[in-house]
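Here is a short report for a reader meeting this protein for the first time. Look at the chain, then read on.

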Amino acid sequence: MQRSLAAVPHHSIKNEIKLRCTEFDHRGNVKTTAGEFLKSDLCQQHGLHARDLRKIDSSFNNQMPAILVRPEAILVNVGHIRALLKADLVVLFDSFGSTDSYNQSIFIYDLEEKLRMNTSAAGGLPFEFRALEAIFISVISSLQSEMEVLVHFVTNLLAQLEESIDQNKLKELLQYSKKLSQFESKTLLIRDIFVEVLDQDEDLANMYLTEKKIGKPRTKDSHEEIEILLESYLKQVGEIANTVSIVKQQMQSTEEIVNVILGANRNQLLLFELRIAMGTLGMSSGAIIASLYGMNLHNYLETNPHAFAIVGSTALGISMMVFAFCSRKLKQLAKGTT
């Protein structure tokens with residue numbers, strides 16, 4: 001029975017945090033739309049602890065995905081969906097500031113349709129499993145859509161980089177690399193939640209809330225239906241994670257190739273600068289002779305008709321010898337590094 005608000009001091013109610021929820025009854029009809037409930041009332045009504053609600057409270061930043069099995073309910077915080085499932089009730093918690101309103105709307109329509117189905121039409125799945133399946137379908141569809149968008153942009157960008165290396169494209173590659181890493185991390189966390197639940201036989205058996213309500217709880221090793229359901233969607237999440245991993249490997253390979261090409265271009269530029277420096281050194285060596293004869297000192301060659309040719313040839317020869325020596329040493333160094 002829900003606690004009466006009149007019995008609680010006014011200042012206590014004012015300070016207590018409220019959660020905004022939408023409730024669906026056992027027929028799939030909306031019972032409450034965007035209703036605000038005190039955390040204490042939710043805990044008392046559904047047999048929960050306050051720490052349980054922290055897993056689905058969107059006011060806490062950097063929340064980890066979670067599927068918590070409790071005696072009377074299943075708490076789900078996966079992707080853009082935060083929900084509480086019971087044998088005859090589904091409570092959806094609104095995510096403040098969520099950007100997945102479109103996916104949320106599609107999910108609600110699908111959830112209503114599945115909840116209105118009877119057990120035989122739903123393949124023998126009880127009420128809580130039909131709600132759980134609707135959640136998984138919505139989360140995986142959202143992951144699939146996000147993955148396709150990222151893979152499309154990354155693939156096109158890698159194809160452009162194969163044709164020409166551009167600084168702006170490299171910046172875009174860095175941005176998409178970060179986005180892809182964040183998406184991969186989110187997908188792996190969701191996959192780990194499936195694995196964690198599948199490893200707990202007791203939790204799997206306790207997820208049969210309908211049978212528990214009618215006094216026929218499952219034994220610890222009797223949970224084949226929910227195990228098949230979880231494994232099916234675990235496989236789909238694993239496929240998405242594998243696709244992202246392959247695209248990341250392609251990005252890393254492209255980055256390595258780009259670094260090799262840029263390194264080769266830098267080496268060519270350095271080699272060109274060295275050759276210019278060697279040519280300058282050779283000319284400077286030959287210019288020493290010209291500077292000696294340009295000091296306006298008498299050297300008895302002013303009247304010699306062959307002096308210009310001799311001095312010029314000597315200076316040119318010295319320049320060529322210095323350049324040849326530097327070129328030879330550069331080739332030796334180049335061979336030594338290969």
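Are α5 and α6 roughly parallel or roughly antiparallel to each other? The account below starts with the basis of the model and then returns to this pair.

## Basis

This is a predicted model, in which local features need pLDDT of at least 70, side-chain atom pairs count only at pLDDT 80 or more, and totals for chains, interfaces and linings use all residues. Residues are numbered from 1 along each chain as its sequence is written, and side-chain values use heavy atoms, with hydrogens and water left out.

## The helix pair

α5 and α6 pack at an angle of about 155°, and their axes lie 10 Å apart. Axes here are lines fitted to C-alpha atoms, for helices over the stretch in contact, and angles run from 0 to 180 degrees between N-to-C directions. The two helices are therefore roughly antiparallel to each other. Angles over 145 degrees count as roughly antiparallel, under 35 as roughly parallel, 65 to 115 as roughly perpendicular and the rest as oblique. The crossing of α5 and α6 is left-handed; that is, the near helix is turned anticlockwise from the far one by less than a right angle.

From α5 come, among them, Phe136, Leu143, Phe153 and Leu157. From α6 come, among them, Lys169, Leu173, Tyr176 and Phe194.

Lys169 is found in helix α6, which covers residues 167–198. Lys169 is buried, with a relative accessible area of 19%. Buried means under 20% relative accessible area, exposed over 50%, and partly exposed in between (1.4 Å probe, protein chains only). Leaving aside neighbours within four places in sequence, Lys169 is in contact with Leu157, Gln160, Leu161 and Ser164.

## The whole protein

The protein has ten helices and six strands. Helices (H or I, at least four residues) and strands (E, at least two) are DSSP runs, numbered from the N terminus. Of its 338 residues, 37% count as buried. The protein exposes about 20,700 Å², and carbon and sulfur atoms supply 56% of that. The areas come from the Shrake-Rupley method with a 1.4 Å probe; for residues, only the protein chains shown count as cover. Among contacts with a separation of 6 or more, 60% join residues 24 or more positions apart.

## The cores

A nonpolar core is a set of buried Ala, Val, Leu, Ile, Met, Phe, Trp, Tyr and Cys residues joined through side-chain atoms within 4.5 Å. The largest one has 56 residues, and Leu85, Val90, Leu111, Ile135, Met207 and Ile226 touch the most other members. Elements that each supply at least two residues of this core include β3 (66–69), β6 (90–93), α4 (101–116), α5 (127–163) and α9 (224–293). The largest share, 17 residues, comes from α5. Apart from this core lies another, of 15 residues, among them Cys21, Phe37, Leu53 and Phe93.

Leu111 is in contact with Phe24, Val90, Leu92, Ala131 and Ala134, leaving aside neighbours within four places in sequence.

## Helix α2

Helix α2 spans residues 39–46, and its buried residues are Lys39, Asp41, Leu42, Cys43 and His46. Their cover includes β1 (18–24), β2 (30–38), α3 (50–53), β5 and β6. Just after α2, Gly47 takes a positive phi of about 65°.

| Pair | Along the chain | C-alpha to C-alpha |
|---|---|---|
| Glu239 and Gln144 | 95 residues | 9.8 Å |
| Lys31 and Val91 | 60 residues | 9.5 Å |
| Ile193 and Leu234 | 41 residues | 9.2 Å |

Glu239 is found in helix α9. It is partly exposed, with a relative accessible area of 44%. Lys31 is found in strand β2 and counts as exposed, at 55% relative accessibility. Beyond neighbours within four places in sequence, Lys31 is in contact with Glu23, Phe24, Asp25 and Leu89.

Ile193 is found in helix α6. At 10% relative accessibility, Ile193 counts as buried. Not counting residues up to four places away in sequence, Ile193 touches Pro65, Ala66 and Ile67.

Key. Contact = heavy atoms within 4.5 Å.
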